[in-house]
Amino acid sequence: MQDAQVFADFIQTRQIDCLKIVPSHLSALLDSPQARLPAVLVLGGEAISVGLVERVLQLRPDCRLFNHYGPTETTVGVLVHPVTLADAQLPGIGLSQVLPNNQVYVLDARQQLVASGELGELYIGGQQLARGYLVDSATEEPVFLESPFVPGERLYRSGDLARYRA
């Protein structure tokens, strides 16, 4: 949908109660004098701006808002965080909960766990991992590798940077 008013009407007339959408698309669809939101919003695919969090919770204070992360190589979501207005005061909306049957690690260049607060690369494990790629990437660096933590399991090297918070 590209028309903000049509989107608002659709939410209301179809009584949509849950929507998963990319933050920038949702932001564009809120440009209507009669903007409407479902009771539950799951935002993923890109970072959520503080302004969007504030706008969503202003339009619908009872909205259950979630930040969601799951790269294609994991086939499903991996991390989630229930977003509150207090999160808008932090530097970036985080991801606080690992979804069931997933393993998530923040590792350094030697594939060792980083300490809380240190920047590292996000690695993901679990049965939902894709087998790999049909064609090797141009970098020739492996993105699926044996887990140093769980024998016989694999990890996906996401390329995304992360850090553990307290």
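Tutor: First, the term for burial: buried means under 20% relative accessible area, exposed over 50%, and partly exposed in between, with a 1.4 Å probe and protein chains only. Now the ground rules. This is a predicted model, where local features need pLDDT of at least 70, side-chain atom pairs count only at pLDDT 80 or more, and totals for chains, interfaces and linings use all residues. Residues are numbered from 1 along each chain as its sequence is written, and side-chain values use heavy atoms, with hydrogens and water left out.

Student: Fine. Is Tyr-156 buried or exposed?

Tutor: Buried, because its relative accessible area is 6%.

Student: OK, the sheet. What is the strand order in the open sheet of four strands?

Tutor: The order is β6-β7-β9-β8, with antiparallel pairing. Strands are DSSP runs of E, at least two residues, and helices are runs of H or I, at least four residues; both are numbered from the N terminus. Two strands pair if DSSP finds at least two bridges between them.

Student: Which strands stand at the edges?

Tutor: β6 (102–107) and β8. Each has a single partner strand, so one side of each is left without a neighbour in the sheet. The twist averages 35 degrees from one strand to the next. Axes here are lines fitted to C-alpha atoms, for helices over the stretch in contact, and angles run from 0 to 180 degrees between N-to-C directions.

Student: How many bridges join β6 and β7?

Tutor: Six, in the antiparallel sense, with β7 covering residues 120–126. For Asn-102, the bridge partner in β7 is Gly-126.

Student: What holds paired strands together, in general?

Tutor: Strands of a sheet pair through backbone hydrogen bonds, either parallel or antiparallel.

Student: Rings next. How many aromatic pairs does the structure hold?

Tutor: Two. Rings of Phe, Tyr and Trp (its six-membered ring) pair if their centres lie within 6.5 Å; planes under 30 degrees apart count as stacked, over 60 as edge-to-face, and the rest as tilted.

Student: Why is the pair of Tyr-105 and Phe-149 classed the way it is?

Tutor: The ring centres are 4.4 Å apart and the planes sit at 20 degrees, so Tyr-105 and Phe-149 are stacked. Tyr-105 lies in β6 and Phe-149 in the loop between β8 and β9, so the pair ties together parts that are 44 residues apart in sequence.

Student: Where do those two fall on accessibility?

Tutor: Tyr-105 is buried, at 14% relative accessible area. Phe-149 is partly exposed, at 32%.

Student: And what about Phe-144 and Tyr-156?

Tutor: They form a tilted pair, with 5.2 Å centre to centre and 40 degrees between the planes. Phe-144 is in strand β8 and Tyr-156 in strand β9, 12 residues apart. Phe-144 is buried, with a relative accessible area of 17%.

Student: Salt bridges. How many?

Tutor: Four. The rule is a side-chain nitrogen of Lys or Arg within 4 Å of a carboxyl oxygen of Asp or Glu.

Student: Which one has Arg-157?

Tutor: Arg-157 bridges to Glu-121, with the closest N and O atoms 3.0 Å apart. Arg-157 lies in strand β9 and Glu-121 in strand β7, so the pair ties together parts that are 36 residues apart in sequence. Arg-157 is partly exposed at 25%, while Glu-121 is buried at 13%.

Student: What does Arg-55 contact?

Tutor: Asp-31, with the closest N and O atoms 3.2 Å apart. Arg-55 is in helix α3 (residues 50–59), and Asp-31 is in the loop between α2 (23–29) and β2 (40–44), 24 residues apart. Arg-55 counts as partly exposed at 26%; Asp-31 counts as exposed at 55%.

Student: And Arg-60?

Tutor: Its side chain meets that of Asp-62 in a salt bridge, 2.8 Å from N to O. Arg-60 is partly exposed at 24%, and Asp-62 is exposed at 51%.
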